[in-house]
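Hi there,

Here is the structure I promised to pass on to you. Please have it open while you read, and my notes follow below it.

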Amino acid sequence: MREGGANVIAICEAAMIPMAKAAIYERSLGREIIHWIDNTSALHGFVKGTSKQESVDRCCQIAHLQDFATTARSWYEFVDSESNGADGIGRDVDKDEFAEQHGFVVSAVTVPTGWWSESLTAVRTEISKKVLRESYVGG
């Protein structure tokens, strides 16, 4: 997914948005969601809905497909790294002290690898099936 000379951190931060959305399909149906992002390159991609950086652009496209499937409305806002309660989770996963102290539920999230390379039509179909399955049978 990484192109030469790309801002790797922006790609990682951007990839977290569709992955996080995938973890909460059932709870996001018709909701308004605020996503806090501490990387301005990734943030600007989501705010604009596109990015010149191919991998970040793909993450933005997938996130918008997810919002369409769940009828969620997303808002993207900047948070500095020091104030970002989820920042340590990216490094320490379930051993993050802040997350543990504040009762964050930390779990692994996987998404189909095809999301990053298949046609957007195929990705949309997969997302729609997953959302329908979770919204009608609870996962």
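Which residues in H1 meet Ser 41, Ala 42 and Phe 46 in H3? They are Ala 10, Glu 13, Ala 14, Ile 17 and Pro 18. Please keep in mind throughout that this is a predicted model.

**The chain as a whole**

The protein chain holds seven helices and two strands. Following the sequence, the elements come in the order α-α-β-α-α-β-α-α-α. Of the 139 residues in the protein chain, 37% are buried. Taking contacts between residues at least 6 apart in sequence, 72% join residues at least 24 apart.

The axes of H1 and H3 are 8 Å apart, and the two helices pack at an angle of about 45°. The crossing of H1 past H3 is right-handed. Sorted by class, this contact of H1 with H3 has six nonpolar residues, one polar and one charged.

H1 (residues 8–23) also packs against H4, where the axes come within 9 Å and cross at roughly 15°. That angle makes H1 roughly parallel to H4, because anything under 35 degrees is counted that way. Here H1 passes H4 in a left-handed crossing. On the H1 side the contact is made by Ala 10, Ile 11, Ala 14, Ala 15, Ile 17, Pro 18, Lys 21 and Ala 22. H4 brings Ser 55, Val 56, Cys 59, Ile 62, Ala 63, Gln 66 and Asp 67 to the contact. By class, the contact of H1 with H4 divides into eleven nonpolar, two polar and two charged residues.

The remaining pairing among these helices is H3 with H4. H3 (residues 40–48) packs on H4 at an angle of about 45°, and the axes are 9 Å apart. This makes H3 oblique to H4, and H3 passes H4 in a right-handed crossing. Ser 41, Ala 42, Gly 45 and Phe 46 of H3 meet Val 56, Cys 59, Cys 60, Ala 63 and His 64 of H4. The contact of H3 with H4 has six nonpolar and three polar residues, and no charged ones.

Several residues turn up in more than one of these contacts. For instance, Ala 14 of H1 is listed in the contact with H3 and in the contact with H4. Likewise, Phe 46 of H3 meets residues of H1 and of H4.

Asp 67 sits in helix H4, which covers residues 54–70. Is Asp 67 buried or exposed? Its relative accessible area is 10%, so Asp 67 is buried, the cut-off being under 20%. Leaving aside residues up to four places away in sequence, Asp 67 touches Lys 21, Ala 72, Ser 74 and Tyr 76.

Asp 80 is found in the loop between strand E2 (73–78) and helix H5 (89–92). With a relative accessibility of 34%, Asp 80 counts as partly exposed. Asp 80 and Thr 40 are 40 residues apart along the chain, and their C-alpha atoms are separated by 9.6 Å.

**Aromatic pairs**

How many aromatic pairs does the structure hold? There are three, and I describe two of them here. Phe 98 and Phe 104 form an edge-to-face pair, 5.8 Å centre to centre with 85° between the planes. Phe 98 is partly exposed at 37% relative accessibility, and Phe 104 is partly exposed at 36%.

Trp 115 and Trp 116 have ring centres 6.3 Å apart and planes at 75°, so this pair is edge-to-face too. Trp 115 is buried, at 4% relative accessibility, whereas Trp 116 counts as partly exposed at 22%.

Happy browsing, and write back whenever you like.

Best wishes

Terms used: Residues are numbered from 1 along each chain as its sequence is written. This is a predicted model: local features need pLDDT of at least 70, side-chain atom pairs count only at pLDDT 80 or more; totals for chains, interfaces and linings use all residues. Side-chain values use heavy atoms; hydrogens and water are left out. Helices (H or I, at least four residues) and strands (E, at least two) are DSSP runs, numbered from the N terminus. Buried means under 20% relative accessible area, exposed over 50%, partly exposed in between (1.4 Å probe, protein chains only). Contact means heavy atoms within 4.5 Å. Axes are lines fitted to C-alpha atoms, for helices over the stretch in contact, and angles run from 0 to 180 degrees between N-to-C directions. Angles under 35 degrees count as roughly parallel, over 145 as roughly antiparallel, 65 to 115 as roughly perpendicular and the rest as oblique. A crossing is left-handed if the near helix is turned anticlockwise from the far one by less than a right angle, and right-handed if clockwise. Ala, Val, Leu, Ile, Met, Phe, Trp, Tyr, Cys and Pro count as nonpolar, Asp, Glu, Lys and Arg as charged, and the others, Gly among them, as polar. Rings of Phe, Tyr and Trp (its six-membered ring) pair if their centres lie within 6.5 Å; planes under 30 degrees apart count as stacked, over 60 as edge-to-face and the rest as tilted.
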